[in-house]
Amino acid sequence: MAEGDPRVDSSNAVWDSGVVESNESVDIAYAGDALSSRTRYSWSVRVTDESGTDSDWAEPACFETALYDASDWQGAEWIVAPNEPGTEGEHNLDWVGGRHVERIWLPAGDFLEAVDSTVEQVFFRGHVKVEQQPTRARLLADADAELRAFVNGTELPADGTADDRVTAALTEGDNVVSFAVTPGDTPAALAASLDITLADGTKAGLVTDGTWLASSADSDNEADWKLAESFGHHGTAPHGRSPLTYRPSPYLRREFALDAGVRSARLYVTALGVYEARVNGHRVGDDHLTPSWTDYASRLPYQTYDVTDLLHEGGNVVGAVLADGWYAGNVCWFGTFQYGDKRALLARLEIEDEDGGRTVVNSDGSWHVGEGATRYADLQNGEVVDARAEPLGWDEPGFDAGAWAQARVDTPSHGPLEAQKAPPIRVEHELPAEAMHVREDGRILVDFGQNLVGWVKLDLRGEAGHRVMLRHAEALDHNGELYIEALRGARATDEYVLRGEAGGETFEPRFTVHGFRFCEIVNHPGELRLQDITARVAHAAMEPIGEHSNSHEHLTKLQQNIVWGQRGNFLAVPTDCPQRDERLGWTGDAQVFASTAAFNYDVRGFLGKWMYDLRDSQYEDGSVPHVAPDVLTRDGRANEAGAAGWADAIAIVPLELYRAYGDRRVVEESLDAVDKWLGFLVENSEGFIRPDAGFADWLAFTQTPKNLVATAFSAFAARCAAELAREIGRTEDAQRFETQYANVRAAFRARFVRGGGKVVSGTQTAYVLALHFDLLDEHEQPRAVQALVDNIAARNWHLSTGFLGTPYLLQVLTRFGREDIAYRLLLQDTMPSWLYPVVHGEATTMWERWDSWSDSHGFQDPGMTSFNHYAYGAVGEWIYRELGGLAPGSPGYRHVVIRPRLTASISWSKTSLETPYGPVSVNWSTAGGEFALQVSLPANTTGEVWLPGQEPVRIGSGEYTFG
Ligand code: BGC
């Protein structure tokens, strides 16, 4: 856009900045004419240095604008399959009323051996009490065997086809549901659900589980029956999913002709659900699980793809496959349909041909809808693909779609459409299998050697109709079996039915994600070779910008584990964990990890987008929910908001982003929301003391009073707000927030600080928060630091902090001159410590708890034992800043502080970071007893180098060696 650059056509320039006298060199905001929708712009820049010398013009860069207005989509309509949601979608053999459907059989039996057993028939009984007459009920059952079902003695179909009769058979009060199962030649086990809706709209229901009765003889006397044995959730091996529960993916296609070759073409596309777009037999783009996750009622992202090369003169096809995703699939433990039940597509293909003609293909009622191989796909449960059902060539011209239905136009409600803000989810790494083990019964256990998030791609060959199952888990139990208990409701199982291609075929799911290190293959049709199986690692396509390694093998591994934790949990939103039936944007976890995350990857786009999710979820009264997008409080579920250290993410994350990248925009966008949050804090405190509630120092080994933690964070939030306001020149607001900080601080001191800097409860976290948030007066600090050190010493140099205390623990020790103790904690490898999982637990990611697994107790509570929770990885910030010695001295690293902290246990360290100004590196070594430091700073930055025992030295950009 700049005048004078011969390589940029400036005849229709929209902006010429002219010569600007400034030393600002990054994040210069566009200040030209308003840009137009769907337009490509190029631009270039040159600089004049202090001696007046002009640089060359930079290689022109370009960007393209999105569709600005709703009217740009004119003619594009939402389309769905005519039978959507489809009766099959209502079949629920996974959950009813928040309880799992389980596969059950005779007690102490083994359904794997049911074939050999002499039992001819097995009878089952369950009870359900209802307070009112049901208005609707659906009975479903599957036993992989012949089965008869009865409600209060009346025999009824159990396949969802007789809702009215099932409803009529139920009565107010106690009801008995019973089954008679006749096993055939293959293993049998019963999974059944009764989903009941009562007159007042409330739900009741019954699921098979270990409370059912089972017997090999029918008898009216329940005393003759025994408790059934549960073999796991519906869908676990060897039965897999019942075909009753399939919800096939809609395949949508539209054929059209072009009279000339294509000069340029763009596909603008989104879905309610997730989609994979296709053009002329090709997948469009490399993105997965588009359009990803937002609060769809607040905003719905769409994607833009350059499809010029995929189109041609003559017949063409544009199409898409849809699946449930976050919109209609299982989210957390709340089951399906959190946002809606109809998977829908919105697409607009704009083509400019070589003759200057323009063709637009919109999604509308002229599209056709069919089905294909994808029979079921759920983010948590996995995917079922029957390759025999794939209509080959469906996405190419000439396919006979005569049997396909006409798409139905729908008008679903959703928030405004907007161009996607976050980086897309892509396959960013591939890992080969490290080892495999074939069990006696033929199951194959594959170990990828790394806990990862993604899915498995499998090459195989076999007969048409052969069914293979792939199960996933992060760990093995003490019998060497997949440890699936910790996955809770997530079935994490893919199934593939072979097409029977003579030359072999490849299975790769496309609408599910698993968190796993191990994959078990059940019923593989031949001999698996290691090279036939690959793990595809998917995460948000963020730029890796930071690297750190050092001479300490375990610490370097810890750093890698932190990075893997980030990869696994930065998919659509920053999640607590990627494997079990949770996977939510927990605000506390994201807040504590944000600064570390900002070192490893450029998370400006990823967390910047999540800040929209968070602000979208803020309540009118200013409170902020525990998770964003907020699914905890939907559908009348209790209002979950305002927890200390969690809700404060609304102030902390923007500040961390600003410090790391220096971009004021996130601050400007956030400040009003932060202000509202501060208002809520005052309203909901008594004399500035926060209530004794919230998660407080979650998962700490010693609990700190909740009101102490909450009040400390209330002060901190006000302080973050003041800093944010100051940075963007809102001075009066800054003063107001400073006053709030001072008020909360005074209240905190009066309530929780005793003479001589003693902090109530005396826990490590109490001291850490009081010191880190400057809640103690200067003269009190030394005694508080000593009390903290004494506490650590009394625990034989162990920490006892949880989610909120841990991130600041080493920072506080370092700030107050006790980096020796900080290192002692960091290098500790008995429990609880950062290195315990590395040294004793073969960890390849960060664990949820200090003792997710331990030598002495094995696995922690299976209800909450994740091996991929990044919160304790927040120590990564300290590793970069203090061990590595690379810290921002001003927002965005315009000024860099280089101050490595040395310890005898580490002889060298290498740290590098791609800052907005360019690459910074800090390498140090103490080899041979000599300290040597190499620093490299990019143009237009300054540094401040602290050598051990000396005054800091100021440097400008360039390469330096200190010794
Ligand atoms: C999540 C945490 C989260 C917590 C809130 C858990 O279920 O996994 O990481 O922050 O709930 O207490």
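Asn175 sits in strand S11 (residues 173–182), where strands are DSSP runs of E with at least two residues, helices are runs of H or I with at least four, and both are numbered from the N terminus. This is a predicted model, so to speak: local features need pLDDT of at least 70, side-chain atom pairs count only at pLDDT 80 or more, and totals for chains, interfaces and linings use all residues. Residues are numbered from 1 along each chain as its sequence is written, and side-chain values use heavy atoms, with hydrogens and water left out.

**Around Asn175**
- Asn175 is buried, at 0% relative accessibility; buried means under 20% relative accessible area, exposed over 50%, and partly exposed in between (1.4 Å probe, protein chains only).
- Its side chain makes a polar contact of 2.8 Å with the side chain of Asn152 (a pair of N or O atoms within 3.5 Å; within protein, one must be able to donate a hydrogen and the other to accept it, and residues adjacent in sequence count only if both atoms are side-chain atoms).
- The Asn175 side chain also gets to the backbone oxygen of Gly173, at 3.1 Å.

**The ligand site**
- Around the ligand you'll find Asp576, Arg580, Glu582, Trp586, Asp589, Trp646, Phe695, Trp698, Phe803, Glu848 and His869, each with a heavy atom within 4 Å of it.
- That shell splits into five nonpolar, one polar and five charged residues (Ala, Val, Leu, Ile, Met, Phe, Trp, Tyr, Cys and Pro count as nonpolar, Asp, Glu, Lys and Arg as charged, and the others, Gly among them, as polar).
- Oxygen atoms of the ligand lie 2.8 Å from a polar side-chain atom of Arg580, 2.6 Å from a side-chain N or O of Glu582 and 2.5 Å from one of Asp589.
- The protein buries 96% of the 310 Å² that the ligand exposes when taken alone (Shrake-Rupley method, 1.4 Å probe).

**Aromatic pairs**
- There are 41 aromatic pairs, counting rings of Phe, Tyr and Trp (its six-membered ring) with centres within 6.5 Å; planes under 30 degrees apart are stacked, over 60 edge-to-face and the rest tilted.
- Tyr296 and Tyr327 pair edge-to-face, at 5.7 Å centre to centre and 70° between planes.
- Tyr296 is in the loop between strands S20 (282–283) and S21 (300–306) and Tyr327 in helix H2 (residues 325–328), so this pair ties together parts 31 residues apart in sequence.
- Both of these tyrosines, Tyr296 and Tyr327, are buried.
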